[in-house]
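Subject: Structure handover

Hello,

My notes on it follow below.

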Amino acid sequence: MRAFGADFAVPPGYLNTPSMGIPPAPVAAAVAESVEHWRTGASRPGDFDEYVARSRAGFARLLGVEAGRVAIGASVSQVIANVAAALPDGTRVLTAEGDFTSVTFPFAACGHRVTEVPLDELAGRVEGHDVVAVSVVQSADGRIADLPSLRAAAEAAGAAVLLDATQAAGWLPLELAWADWVVAAGYKWLLSPRGSAWLAVRPDAQDRTRAVAANWYAGEDPWATVYGLPLRLAGDARAFDLSPVWLAQVGAAAALEYLGGLDLAQVRAHNTGLADTLLEKLGLPPRGSAIVSLEADPERVAAAGIVSGVRNGKVRVGFHLYNTADDVERVLHAFE
């Protein structure tokens, strides 16, 4: 099918983007070409620097920040570790009840005092905490954090904020330059291969971030920091770079440039329009999110030709660029 100016080989009923996004044809082609170059000995390590730079710039553009504020990584928990490991012992971290564990585990593993509260109480409970760590959109059910209220509460309390945009970036327009740290993985709504993730660091938060996986690629000139001491890391967020997962960066470069060329307000309207139509036809109130969580029999949903996820005992579906009204009807068929 063709959607938003690109071709997708997505089967009808694929509503599992919150678990794994499907790339447009040019993204898959870029990765396939890179695999062929690798297979035939035509690749050189330095060839991938271009793709890293492009994916870094693409992620920065989606958040509304400068590229120098963005580090590359491989997963959300890995990039958050740079934040959690730098916090003083006894740091009080506030998070949403039931948030994705890649957000919360790094802080808990470092021994910090992590408190969970209901998402809708988050802004009102910031006082008395040092850091707030929360997903912009909840993985389990698609609820969206009240970021304006959270920002105001954090600024009033002097608390730092870490946002996980994994379930938001790619469909929800974002302006997150105000947050101390923003992370995201690429393999869901950003339509990139697994192994691509990013960490955006506000300049005044850089000294509160630790390069826990310091490596040659985190140097100011990576090809000049491959041997020997002393430690010499880049002066910007690239100090937190992980040595790149080459093929993942190739796909991410193409995917983020494609998404960066779209009007995300239109993408949001498309995605939430389908999701809210489904809810309304089921007699449920609209929620304005691309992710819907339903009380349904997973086997019956699968039998209706729907590819979905199951989270907290509920069927989770997500609507992205390549979904249509026919997908809504397929879900409704499972409830007949």
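What is the volume of the largest pocket? It comes to about 220 Å³. Please keep in mind that this is a predicted model. The largest pocket is lined by 18 residues, and V76, F100, A185, Y187 and K188 are the closest to its centre. Sorted by class, the lining has 9 polar, 6 nonpolar and 3 charged residues.

On confidence, the chain has a mean pLDDT of 97, and 100% of its residues reach 70 or more. The lowest confidence in the chain is in helix α8 (residues 298-303), with a mean of 93, while strand β7 (residues 160-164) has the highest, at 99.

As for the overall fold, the chain holds 9 helices and 12 strands. Its radius of gyration is 20 Å, close to the 20 Å that the globule rule gives for 336 residues, so the chain is as compact as a globular protein of that length. The C-alpha trace spans about 65 × 55 × 30 Å along its principal axes. Of the 336 residues, 52% are buried. Among contacts with a separation of 6 or more, 69% are between residues 24 or more positions apart.

One of the helices deserves a separate note. Why is helix α3 (residues 76-84) described as largely enclosed by the rest of the structure? The reason is that 7 of its 9 residues are buried. These are V76, Q78, V79, I80, N82, V83 and A84. V76 also belongs to the residues closest to the centre of the largest pocket. The buried residues of α3 pack against strands β3 (70-73), β7, β8 (181-185) and β9 (197-201), and against helix α4 (101-109).

Next, the backbone. Most residues other than glycine have a negative phi, and most peptide bonds are trans. There are exceptions to report here:

- The peptide bond from L229 to P230 is cis, with omega near 10°. P230 sits in the loop between β9 and α6 (246-260).
- L191 has a positive phi, near 60°, and is not a glycine. This residue lies in the loop between β8 and β9. Its relative accessibility is 1%, so L191 counts as buried.
- N312, also not a glycine, has a positive phi of about 55°. N312 is in the loop between β11 (309-311) and β12 (314-318). With a relative accessible area of 71%, N312 is exposed.

Regards

Technical notes
Residues are numbered from 1 along each chain as its sequence is written. This is a predicted model: local features need pLDDT of at least 70, side-chain atom pairs count only at pLDDT 80 or more; totals for chains, interfaces and linings use all residues. Side-chain values use heavy atoms; hydrogens and water are left out. On a 1 Å grid over the protein atoms alone, a cavity is a set of points where a 1.4 Å probe fits but cannot get out, and a pocket is an open set with protein on both sides within 12 Å along at least five of seven lines; lining residues have an atom within 4 Å of a point. Grid points are joined across faces, edges and corners, and a volume is the space filled by probe spheres set on the points. Ala, Val, Leu, Ile, Met, Phe, Trp, Tyr, Cys and Pro count as nonpolar, Asp, Glu, Lys and Arg as charged, and the others, Gly among them, as polar. pLDDT is the predictor's confidence in each residue, from 0 to 100. Helices (H or I, at least four residues) and strands (E, at least two) are DSSP runs, numbered from the N terminus. Buried means under 20% relative accessible area, exposed over 50%, partly exposed in between (1.4 Å probe, protein chains only). Contact means heavy atoms within 4.5 Å. The radius of gyration is taken over C-alpha atoms; the globule rule is 2.2 Å times the number of residues to the power 0.38.
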